[in-house]
Amino acid sequence: MLGVHLETSLGAKNLEKPKEKTKPKIEQDDTAPEYVKPASGMKLAKAKAKAKQKAKQAAKAELAAKEEVKEQQKLERQLQKKIRRRFDALDTDGSGSLDEDELKALLEDIGLKLSRGQLRRAMAKMDGDGSGSVEFEEFAQWYREFHDPEKQKEIRNAVACAIQKPLEGFSLT
């Protein structure tokens, strides 16, 4: 009697066994691209490992790039200090700029003896703002160009050509 009482008080449908939830089946679609297809556990683990390895490589590359930037900045600061020391040594009157006489000393120091006209043309080339003297920034720009390996090659070629021309047609016999 107790069973009937439960049936009537709870209702017949509550006594039925609840249905188990089932996961929907994922069908294989051979036409879908590989990245859309569901992966097996092994493929998924390999893909994760590969992604982790790529992330590590990217992090290493980024770190190396940052280190390279730091090194370049350090070299740039060292070069700037070197240029400043050179400029200050040439600026004998302490004016903060190089006049023709100071520029002449610089050019003679690197092995160039110029006439007054050549010196004025050299001064005009270096004096970017036309002030009549070479300020530090103008000197630094010239210094960087002068010490650039490609520019040095051009200068050596120009000097070699200048030396060759006077010797053409001349023989020691």
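Let's start at Lys104, which lies in helix 3. Helices here are DSSP runs of H or I with at least four residues, strands are runs of E with at least two, and both are numbered from the N terminus. Lys104 has a relative accessible area of 36%, so it is partly exposed. On the cut-offs: buried is under 20% relative accessible area, exposed is over 50%, and partly exposed is in between, with a 1.4 Å probe and protein chains only. Arg120 is 16 residues from Lys104 along the chain, and their C-alpha atoms are separated by 9.6 Å.

A word on the source. This is a predicted model, where local features need pLDDT of at least 70 and side-chain atom pairs count only at pLDDT 80 or more, while totals for chains, interfaces and linings use all residues. Residues are numbered from 1 along each chain as its sequence is written, and side-chain values use heavy atoms, with hydrogens and water left out.

Now the overall layout. The protein has six helices and two strands. Along the sequence, the pattern reads α-α-β-α-α-β-α-α. There are 173 residues, and buried ones make up 14% of them. Take the contacts with a separation of 6 or more: 40% of them join residues 24 or more positions apart. Contact means heavy atoms within 4.5 Å.

Back to helix 3. How do the axes of helix 3 and helix 4 cross? They come within 10 Å and cross at roughly 100°. That makes the two helices, helix 3 and helix 4, roughly perpendicular. The axes are lines fitted to C-alpha atoms, for helices over the stretch in contact, and angles run from 0 to 180 degrees between N-to-C directions. Under 35 degrees counts as roughly parallel, over 145 as roughly antiparallel, 65 to 115 as roughly perpendicular, and the rest as oblique.

Which residues meet there? From helix 3, they include Leu103, Lys104 and Leu107; from helix 4, they include Leu119, Arg120 and Met123.

Ala105 is also in helix 3. Its relative accessibility is 39%, so Ala105 counts as partly exposed. Ala105 and Leu90 are 15 residues apart along the chain, with C-alpha atoms separated by 7.5 Å.

Asp99 sits in the loop between strand 1 (97-98) and helix 3. Asp99 is partly exposed, at 29% relative accessible area. Leaving out residues up to four places away in sequence, Asp99 touches Asp93 and Met123. Asp99 and Ser133 are 34 residues apart in sequence, yet 4.9 Å apart in space, C-alpha to C-alpha.

Ile110 is in the loop between helix 3 and helix 4. Ile110 is partly exposed, at 34% relative accessibility. Residues up to four places away in sequence aside, Ile110 touches Trp142 and Phe146.

On to the core. A nonpolar core is a set of buried Ala, Val, Leu, Ile, Met, Phe, Trp, Tyr and Cys residues joined through side-chain atoms within 4.5 Å. The largest one has 17 residues, and those with the most contacts inside it are Leu103, Leu106, Met126 and Phe139. Helix 2, helix 3 (100-109), helix 4 (116-126) and helix 5 each supply at least two residues of this core. Which helix gives the most to it? Helix 5, with five residues.

Leu106 touches Arg86, Leu90, Met126, Phe139 and Trp142, again not counting residues up to four places away in sequence.

Last topic: the rings. There are four aromatic pairs in the structure. Rings of Phe, Tyr and Trp (its six-membered ring) pair if their centres lie within 6.5 Å; planes under 30 degrees apart are stacked, over 60 edge-to-face, and the rest tilted.

Phe87 and Phe139 form a tilted pair, 5.4 Å centre to centre, with 50° between the planes. This pair links distant parts of the chain: Phe87 is in helix 2 (residues 41-90), Phe139 is in helix 5 (residues 136-146), and they are 52 residues apart. Phe87 is buried, at 0% relative accessibility. Phe139 is buried too, with a relative accessible area of 0%.

Phe139 also forms a tilted pair with Tyr143, 6.0 Å centre to centre and 45° between the planes. Why about one helical turn between Phe139 and Tyr143? Because they are four residues apart in helix 5.

Ring pairs join Phe87, Phe136, Phe139, Trp142 and Tyr143 into a cluster. And Arg84 has its charged end over the ring of Phe136, 3.8 Å from the centre. A charge sits over a ring if NZ of Lys or CZ of Arg is within 6 Å of the ring centre and within 35 degrees of the ring normal.
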